[in-house]
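Here is a quick walk through one model, a stop at a time. Have the sequence and the 3D view open as you read.

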Amino acid sequence: MAMSTRRTSGTIAKNRLEHMLISDKMQVDPEVLAQMKREIRSVIRKYVNAEHTRLDVQIRLINETSQGEENVKTIQIKGL
Amino acid sequence: MSEVIVVTSGKGGVGKTTATANIGTGLAKMNKKTVLVDTDIGLRNLDVVMGLENRIVYNLVDVVEGNCRLKQALIRDKHYPTLYLLPAAQTRDKSAVTPEQMEKLTEELKAHFDYILLDCPAGIEQGFRNAVAGADRAVVVTTPEVSAIRDADRIIGLLEAGGMKQIDLLINRLRPDLISRGDMMSVEDVCEILAIPLIGAVPDDTNIVVSTNQGEPLAGNGTPSGQAFFNVARRVTGEAVDIPDLSRETSFFGRVKAFFRKG
């Protein structure tokens with residue numbers, strides 16, 4: 001059980017990778033993205049008592065084109 | 001009905017050529033008429049991995065430019081009569097061929113073969129665009145490393161944007177010992193991030209080095225990677241084959257160690 005929560009180099013790799021891919025997809029600098037994550041977390045924690053809880057946030061960026069088509073980008077931010 | 005499959009990765013050195021050679025050998029072992037096309041013009045390697053480097057007379061560029069007929073450029077494998085190689089040119093570069101010419105070439109190959117495997121060069125430039133042009137489906141090869149997975153994600157995005165109908169994931173060079181102690185991303189981790197169907201998980205295996213040294217692909221022999229690659233070939237044909245869990249140590253000693261770690 002302790003295996004899954006311990007910060008092994010494998011989980012560090014996975015977290016770095018997820019951060020990198022979100023940053024690539026949103027075209028936001030990794031540093032700015034980290035700041036955004038911190039702000040999202042503090043906003044949620046301000047209104048919701050989320051101590052000892054892990055937050056998974058899903059953001060959908062929807063582009064409406066002139067043909068009415070949508071270009072949807074889904075961004076998952078896990079373990080805030 | 002024949003299928004054109006591009007083996008690609010983005011990052012170099014993750015095992016595209018090894019995978020192409022071994023999946024092709026696996027398909028040939030199942031008596032499928034298979035041709036391996038090396039699209040890495042200027043940096044050809046597939047001939048060496050297949051051990052056919054001394055038999056090259058004509059190459060892909062010669063066929064495209066009409067210097068020879070397709071049949072003259074095809075090299076038959078040493079062991080499997082249904083397996084052929086179309087080598088890349090070594091003295092030219094990627095601009096020697098256009099995506100349209102590649103599409104025409106793969107159409108022509110479809111008339112003679114069940115499976116056409118295209119070994120894609122690393123990168124996302126013209127060599128990549130040439131290789132994917134004629135393909136019906138793609139196998140994206142990655143290793144469980146941050147850099148390789150990031151590039152694989154980019155490649156998957158490009159393939160999807162280009163309308164590739166089927167994209168499968170092959171995770172290469174997995175180390176069960178490192179995964180079980182948490183020092184390598186597991187098959188599940190990589191699948192979760194890349195979110196495409198898994199077609200195979202191949203363990204890191206020193207036999208691959210020996211196989212490449214000798215120019216004898218090992219798909220289907222008794223080695224761990226040989227078995228894994230043969231299973232990939234079976235899944236390519238649509239056969240349902242279980243993917244074994246490479247996150248656990250298989251040796252008795254490893255299992256004992258893992259047991260005590262958990263406790």
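## Strand β4 of chain B

Let's start with strand β4 (residues 83-86) of chain B: B:L83 and B:L85 point one way, B:Y84 and B:L86 point the other way, and all are buried. Buried here means that 20 or more other C-beta atoms lie within 10 Å of the residue's own; 12 or fewer makes a residue exposed, anything in between is partly exposed, and the C-beta atoms are placed from the backbone. Helices (H or I, at least four residues) and strands (E, at least two) are DSSP runs, numbered from the N terminus.

What does β4(B) pair with? In the parallel sense, β4(B) pairs with strand β2 (residues 34-38) of chain B over four bridges, and B:T34 has B:L83 as its bridge partner. Strand β3 (residues 75-76) of chain B runs antiparallel to β4(B), joined by two bridges, with B:R76 opposite B:Y84. β3(B) and β4(B) make a hairpin, with six residues between them. For pairing, DSSP has to find at least two bridges between the strands.

## About the model

This is a predicted model, where local features need pLDDT of at least 70, side-chain atom pairs count only at pLDDT 80 or more, and totals for chains, interfaces and linings use all residues. Residues are numbered from 1 along each chain as its sequence is written, while chains are lettered from A and ligands numbered from 1 in the order in which they are written.

## Helix α6 of chain B

Helix α6 (residues 126-133) of chain B is largely enclosed by the rest of the structure, because six of its eight residues are buried. Those are B:G127, B:F128, B:N130, B:A131, B:V132 and B:A133. Their cover includes β1 (3-8), α5 (99-110), β5 (115-119), β6 (137-142) and α7 of chain B.

## Where the chains meet

The contact takes 13 residues from chain A and 10 residues from chain B; two residues are in contact if their C-beta atoms, placed from the backbone, lie within 7 Å. On the chain B side, α7 (146-161) and α9 (187-194) each supply at least two residues. α7(B) gives the most to that side, with four residues. By type, the chain B side divides into five nonpolar, one polar and four charged residues. Nonpolar covers Ala, Val, Leu, Ile, Met, Phe, Trp, Tyr, Cys and Pro, charged covers Asp, Glu, Lys and Arg, and the others, Gly among them, are polar.

## A loop residue in chain A

Last stop: A:R7 sits in the loop between α1 (2-5) and α2 (9-26) of chain A. A:R7 counts as exposed because it has 9 C-beta neighbours inside 10 Å. A:R60 is 53 residues away along the chain, and the two C-alpha atoms are separated by 29 Å.
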